[in-house]
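Subject: Handover of a structure and findings

Dear colleague,

Please find the structure below, together with its sequence. My findings follow, and I would be grateful if you would read them with the structure open.

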Amino acid sequence: MDTLISNLSLGFSVALGLQNLGLAFVGCMVGTLIGVLPGVGPVATIAMLLPVTFSLDPVGALIMLAGIYYGAQYGGSTTAILVNIPGEATSVVTALDGHAMARRGRAGAALGIAAIGSFFAGTVATMLIAALGAPLTKAALLFGPTEYFSLMVMGLIFAVVLAGGSILKALAMIMLGLLLSTVGTDLETGDQRMTFGQPFLWDGIDFAVLAMGVFGIAEILRNLGQPEDRDLVRGTIGRLLPSQAEMRQSLAPILRGTLLGSAFGILPGNGAVLAPFASYAVEKKLAADPSRFGKGAIEAVAGPESANNAGAQTSFIPLLTLGIPANAVMALMVGAMTIQGIIPGPQVMTGNPSLFWGMIASMWIGNLMLLVINLPLVGVWVKLLQVPYRLLFPVILLFCCIGIYSINGQVTDVLFIGLFGLAGFILIRCGFEPAPMLLGFVLGKLMEENLRRALILSRGSLTTFVTEPISAGLLAVSSILLVAAIVPNIRRGREEAFAE
Amino acid sequence: MREHDTQPGGAAPDSPVRVSQNLAGGLILVALAAIALWLLSDLNAGTLGAMGSALMPRVLAVGLGLLGALVAASSFFHQGPVLEHLPLRGPSLVILAIVIFAATIRPLSLGSVSLPGFGLIVAAPLSIIICGFATREARLRELVVLALALTPTCMVLFGDLLNLTIPMLPDALMDLFPEGWSQKAMLRVSAATMLAVAALLFFSGARSATDDAKAKD
């Protein structure tokens with residue numbers, strides 16, 4: 001306990017420095033600004049703004065990126081409530097009742113409770129990260145390549161099970177992502193794989209390029225093909241502070257949402273995506289009058305928003321303790337850390353404590369700032385949402401081009417976001433979800449490296465993955481999950497959860 | 001933009017076959033897997049104890065091919081959603097805008113063709129205007145104002161405040177400035193000029209619009 005307090009006070013002493021405070025503020029602000037734009041989720045926002053942090057010191061850069069992440073998340077919720085366009089999967093649920101509230105003239109209360117719930121969830125999640133950081137890091141040191149490989153297999157299986165739609169298609173997307181990650185020079189043998197002899201592919205495909213193509217450009221193409229149906233709330237936003245009765249109604253959902261979100265967020269394989277859905281289902285089951293749901297029930301905003309934010313934050317845990325990015329946002333964080341010369345993993349906490357704890361402390365500060373910045377600025381976001389899409393998408397496209405060009409100064413990177421955007425768009429039109437592909441890509445290199453090492457240690461015997469106890473346990477969990485997802489009965493329940 | 005407004009409910013009436021999403025998607029994946037296997041053909045897979053460079057990608061490619069084949073095969077058992085007509089206007093103009101940005105941002109030489117670098121001051125407006133026409137609702141004047149306002153903002157933000165190394169101005173323009181001007185001063189002056197033109201266009205446009213309205217009254 002003492003060490004926890006001393007660690008946190010070290011963190012706050014770093015994060016409360018004038019410069020870092022300013023960076024957290026700017027990060028939250030810019031993140032919200034871009035995240036509010038319809039059709040721009042956190043991944044595209046971070047990829048676009050990555051270059052902005054290049055000139056900063058490592059601590060400052062990561063603090064700012066974390067701020068951008070929370071800002072983008074919150075911006076997505078704002079868009080979901082005000083115009084019923086969820087920027088990403090996790091705010092789909094918020095759009096249901098949040099937008100219904102907004103139509104009844106309670107947009108202010110919906111935004112307010114989303115901010116309050118998120119702040120509470122963020123506070124709890126920050127404490128959780130601080131408390132779990134040290135023990136999990138110790139546990140991580142016990143992990144060898146065999147265990148790491150099995151853990152990543154589990155993460156991928158989670159992603160398959162949690163993705164909406166066909167399991168077969170999700171598996172295929174993961175395979176494609178893994179395959180794409182093997183493009184480039186093989187570090188062990190020096191062989192060039194699938195590079196077409198082109199020098200710009202020797203280092204492999206850059207994650208930011210793939211992410212921006214699939215989440216930035218493909219999203220523009222998808223939106224262009226759809227008739228614009230922007231249902232912007234007209235009239236008043238109403239007062240932002242929820243009434244006392246509403247606060248009382250929301251208290252328990254916030255608590256439950258925070259718990260669910262924190263638990264789901266820690267899971268490897270983008271568990272955070274499921275947290276808001278789970279919270280919505282739980283609140284609907286527990287509600288005295290479930291028929292209110294979908295028509296503007298405040299619990300249905302408070303619970304899922306808290307779950308969303310808690311999950312967003314605890315998904316940092318696998319990255320900070322094990323060095324495994326659990327989703328596309330965390331993979332961009334890996335990219336940012338690598339550029340700053342930090343290799344994510346258990347050694348960061350011991351080797352660079354001021355960075356580790358400073359970042360954790362800044363998470364809490366970031367959440368507080370969101371509360372302070374967003375509520376007074378709602379009017380600005382509403383103005384921004386009135387800009388028609390025909391003027392927004394050229395801006396998004398330009399930011400994508402500038403952002404990706406400034407990362408490496410490579411013209412080929414710019415061309416590749418176009419190529420991946422087009423490819424992603426075609427896959428989307430064929431009914432494939434790109435998110436599992438990104439996760440496969442993120443984990444691919446780490447998986448191959450660990451597989452190779454594990455097999456060297458076991459002298460080429462694949463049985464090592466089931467004879468080592470930890471690894472066997474992880475693989476058992478994965479196979480149970482996969483079987484459960486395929487068995488028709490449970491599958492129907494899963495589809496219902498997504499249909500809601 | 002509204003390609004499928006005219007063709008509600010799936011494939012175009014004039015298309016001879018209704019291809020399901022699963023069939024098309026599955027076959028694309030099989031093709032990708034085949035390309036990967038072909039590219040990997042001259043690499044060594046090694047053994048499990050000493051993995052060669054081709055082992056993991058080859059296994060993955062085979063897996064991808066099998067899954068793709070399964071997805072394609074599933075379309076014969078139940079049809080599933082039908083692949084809609086791919087719109088042409090949006091994707092081709094967006095991709096063209098990206099290519100133009102890449103071609104003009106810095107000097108380019110492709111075989112016998114070579115272009116001087118024009119920098120952001122040319123690349124950004126070109127790509128904004130071209131990609132703006134990806135939707136049928138595009139209005140040229142509006143896009144020109146957007147391009148003239150957004151470009152200088154980006155120039156100042158990325159070049160001046162954040163010091164990112166993006167080429168900003170073409171050499172020809174920089175030669176026009178008097179001797180001894182710093183890069184940043186040139187950047188600021190060009191940005192200010194563009195902003196002024198944008199403001200002029202915007203307000204003259206607004207005035208002519210109100211004049212029209214008055215004339216109608």
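**Chain B**

Of the 217 residues in chain B, 33% count as buried. Please note that this is a predicted model. The secondary structure of chain B consists of seven helices and two strands, and along the sequence these elements follow the pattern α-α-α-β-β-α-α-α-α. Chain B is divided into two domains: domain 1 covers 18-77 and domain 2 covers 89-209. The C-alpha centres of domain 1 and domain 2 of chain B are 43 Å apart. Among the contacts in chain B with a separation of 6 or more, 68% are between residues 24 or more positions apart.

**The contact between chains A and B**

The contact draws on 54 residues of chain A and 67 residues of chain B. On the side of chain A that touches chain B, at least two residues each come from helix H7 (167-181), helix H8 (207-225), helix H16 (389-408), helix H17 (411-429) and helix H18 (435-457). The most is given by H16(A), with 10 residues. By class, this side of chain A has 36 nonpolar, nine polar and nine charged residues.

**A:Ile220**

A:Ile220 is located in helix H8 of chain A. Is A:Ile220 buried or exposed? A:Ile220 counts as buried because 26 other C-beta atoms lie within 10 Å, and the criterion for a buried residue is 20 or more. Neighbours within four places in sequence aside, A:Ile220 is in contact with A:Phe393, A:Ile396, A:Leu397 and B:Val94. A:Ile220 and A:Leu397 are 177 residues apart along the chain, and their C-alpha atoms are separated by 8.1 Å.

**Helices H5 and H9 of chain A**

In chain A, the axes of helix H5 (residues 92-141) and helix H9 (residues 244-266) come within 9 Å and cross at roughly 40°. H5(A) is therefore oblique to H9(A). The crossing of H5(A) and H9(A) is right-handed. From H5(A), the contact is made by A:Ala109, A:Ile113, A:Gly117, A:Phe120, A:Ala121, A:Val124, A:Ala125 and A:Leu128. From H9(A), the contact is made by A:Glu246, A:Ser250, A:Ile254, A:Gly257, A:Thr258, A:Gly261 and A:Ser262. The residues of this contact of H5(A) with H9(A) comprise eight nonpolar, six polar and one charged.

Yours sincerely

Methods
Residues are numbered from 1 along each chain as its sequence is written. Chains are lettered from A and ligands numbered from 1 in the order in which they are written. This is a predicted model: local features need pLDDT of at least 70, side-chain atom pairs count only at pLDDT 80 or more; totals for chains, interfaces and linings use all residues. Domain bounds come from an automatic or database domain assignment. Axes are lines fitted to C-alpha atoms, for helices over the stretch in contact, and angles run from 0 to 180 degrees between N-to-C directions. Helices (H or I, at least four residues) and strands (E, at least two) are DSSP runs, numbered from the N terminus. Angles under 35 degrees count as roughly parallel, over 145 as roughly antiparallel, 65 to 115 as roughly perpendicular and the rest as oblique. A crossing is left-handed if the near helix is turned anticlockwise from the far one by less than a right angle, and right-handed if clockwise. Two residues are in contact if their C-beta atoms, placed from the backbone, lie within 7 Å. Ala, Val, Leu, Ile, Met, Phe, Trp, Tyr, Cys and Pro count as nonpolar, Asp, Glu, Lys and Arg as charged, and the others, Gly among them, as polar. A residue is buried if 20 or more other C-beta atoms lie within 10 Å of its own, exposed if 12 or fewer, and partly exposed in between; C-beta atoms are placed from the backbone.
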